[in-house]
Amino acid sequence: MVANRKFFVGGNFKMNGSLKEVETIVSRINEANFDGSTELVVAPPALYLLKIQEELKPPAQVSAQNSYTEKSGAFTGEISPNQLKDANVPWVILGHSERRSLFGDTDKLVADKTKAAIEAGLSVIACIGESLEERESGKTQSVVERQLEAIAKEISESEWKNIVIAYEPVWAIGTGKVATKEQAQETHEQIRQWLAKRISQSVADNTRIIYGGSVNGKNCTDLSNAPDIDGFLVGGASLKPEFIDIVNSQKA
């Protein structure tokens, strides 16, 4: 983490919690009185987005967990990025491995969703990452670069300022397995080098690359000390009190 990249923590609640339970989590976040030194974004289930937006205290912000490629139309069950913007939802998570593996979101679809979201005026948490088989066969770098290349083909250099890259090794999501600080730093560094080569040095220097994959209160401080880890995308632990420690990990 370097000075010109503000530390970023996202909490992805996924499809978890009743409204009462999600409100309890948000109350805990509000009571922590974060000072804004870390950019904090939480992604509740879509049904609760607007309610939580009303209750969440700034500087924390809300995010959708997905959006579609079109502004409007006959797309039953989808969420338009323009509707998110109209509802003052500033962020959206795109390309999460669960979307890719369970719902068939291809690299191209993720890229098209990213383009549509940015054109609508949203900021994007763009998720990338390799499977265990891909890591064990030495394909990590080629996989994440392939996923990023699809996005790079659809957006301009100036639009990268609206993207936070979330590197989430699929084998570490919800499994309790965590990439070591050295493993995560190596991949984050490779991503930054790719950005410099493919886009520009400025984009490489300024784009935040955050880590996700069984991040918790015990491992977050060590991970946050790596020079190219600019924060976290947190799943299960975002539902627990330790999420407060993760948000504050850069200060620990």
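Biologist: Lysine 115 first. Is lysine 115 buried, exposed or partly exposed?
Modeller: Partly exposed, with a relative accessible area of 31%. Keep in mind that this is a predicted model.

Biologist: Which side chain does lysine 115 meet in a salt bridge?
Modeller: That of glutamate 154, at 3.9 Å from N to O. Lysine 115 lies in helix α5, and glutamate 154 sits in the loop between α7 (140–152) and β6 (163–167), so the pair ties together parts that are 39 residues apart in sequence.

Biologist: How many salt bridges does the structure hold?
Modeller: There are 17. Side chains of opposite charge can pair when their charged atoms come close.

Biologist: Next, aspartate 230. What is its salt-bridge partner?
Modeller: Arginine 192, with the closest N and O atoms 2.7 Å apart. Aspartate 230 is in the loop between α10 (220–224) and β8 (231–234), while arginine 192 belongs to helix α8 (residues 181–198), so this pair links parts 38 residues apart in sequence.

Biologist: Are those two buried or exposed?
Modeller: Aspartate 230 is buried, at 0% relative accessible area. Arginine 192 is buried too, at 9%. Salt bridges with shared partners join Arg5, Arg192, Asp228 and Asp230 into one network.

Biologist: Switching to aspartate 105. Where is it?
Modeller: In the loop between α4 (97–103) and α5 (107–119).

Biologist: And why does aspartate 105 count as buried?
Modeller: Because its relative accessibility is 6%, and buried means under 20%.

Biologist: What does the side chain of aspartate 105 pair with?
Modeller: Two things to list. Aspartate 105 forms a salt bridge with arginine 99, where the closest N and O atoms are 3.6 Å apart. Its side chain also makes a polar contact with the side chain of lysine 113, at 2.8 Å.

Biologist: Which residues does aspartate 105 touch, skipping those up to four places away in sequence?
Modeller: Asn66, Arg99, Arg100, Val110 and Lys113.

Biologist: Pockets now. Which residues lie nearest the centre of the largest pocket?
Modeller: Met15, Gln65, Asn66, Arg99 and Phe103, out of 17 lining residues. Asn66 and Arg99 are also among the residues that aspartate 105 touches.

Biologist: What volume does the largest pocket have, and which element gives the largest share of its lining?
Modeller: The volume is about 450 Å³. Helix α4 gives the largest share of the lining, 4 residues.

Biologist: On to the nonpolar packing. Which residues touch the most other members of the largest core?
Modeller: Trp160, Leu195, Tyr211 and Phe232, in a core of 62 residues. The largest share of that core comes from α7, with 5 residues.

Biologist: Is there a second core, or what else is there?
Modeller: There is a second, separate core of 11 residues, and its members include Val41, Ile93, Cys127 and Ile210.

Biologist: Back to leucine 195. What is it in contact with, leaving aside neighbours within four places?
Modeller: Trp160, Ile165, Ser200, Val203, Ala204, Thr207 and Ile209.

Biologist: Where does isoleucine 209 sit?
Modeller: In strand β7 (residues 209–212). Isoleucine 209 counts as buried because its relative accessibility is 0%. Beyond residues up to four places away, its contacts include Ile165, Leu195, Arg192, Asp228 and Asp230.

Biologist: How about threonine 38?
Modeller: Threonine 38 is in the loop between α1 (19–31) and β2 (39–43). It is buried, at 9% relative accessible area. Leaving aside neighbours within four places in sequence, threonine 38 is in contact with Lys6, Phe7, Phe8, Val9, Val247 and Gln250.

Biologist: What about positive phi outside glycine?
Modeller: Asparagine 33 has phi near 50°. It lies in the loop between α1 and β2 and is exposed, at 58% relative accessible area. Serine 214 has a positive phi of about 60°. Serine 214 is placed in the loop between β7 and α10, and at 18% relative accessibility it counts as buried.

Technical notes:
Residues numbered from 1 in each chain as written. Predicted model: local features only at pLDDT ≥ 70, side-chain atom pairs only at ≥ 80, totals over all residues. Heavy atoms only, no water. Helix = DSSP H or I, 4+ residues; strand = E, 2+ residues; numbered from the N terminus. Polar contact = N/O pair within 3.5 Å; in protein donor to acceptor, adjacent residues only side chain to side chain. Contact = heavy atoms within 4.5 Å. Salt bridge = Lys/Arg side-chain N within 4 Å of Asp/Glu carboxyl O. Buried < 20%, exposed > 50% of the residue type's maximum accessible area, 1.4 Å probe, protein only. Core = buried A, V, L, I, M, F, W, Y, C linked by side-chain atoms within 4.5 Å. 1 Å grid on protein atoms, 1.4 Å probe; cavity = no way out; pocket = protein on both sides within 12 Å on 5 of 7 lines; lining within 4 Å. Points joined across faces, edges and corners; volume = space filled by probe spheres on them.
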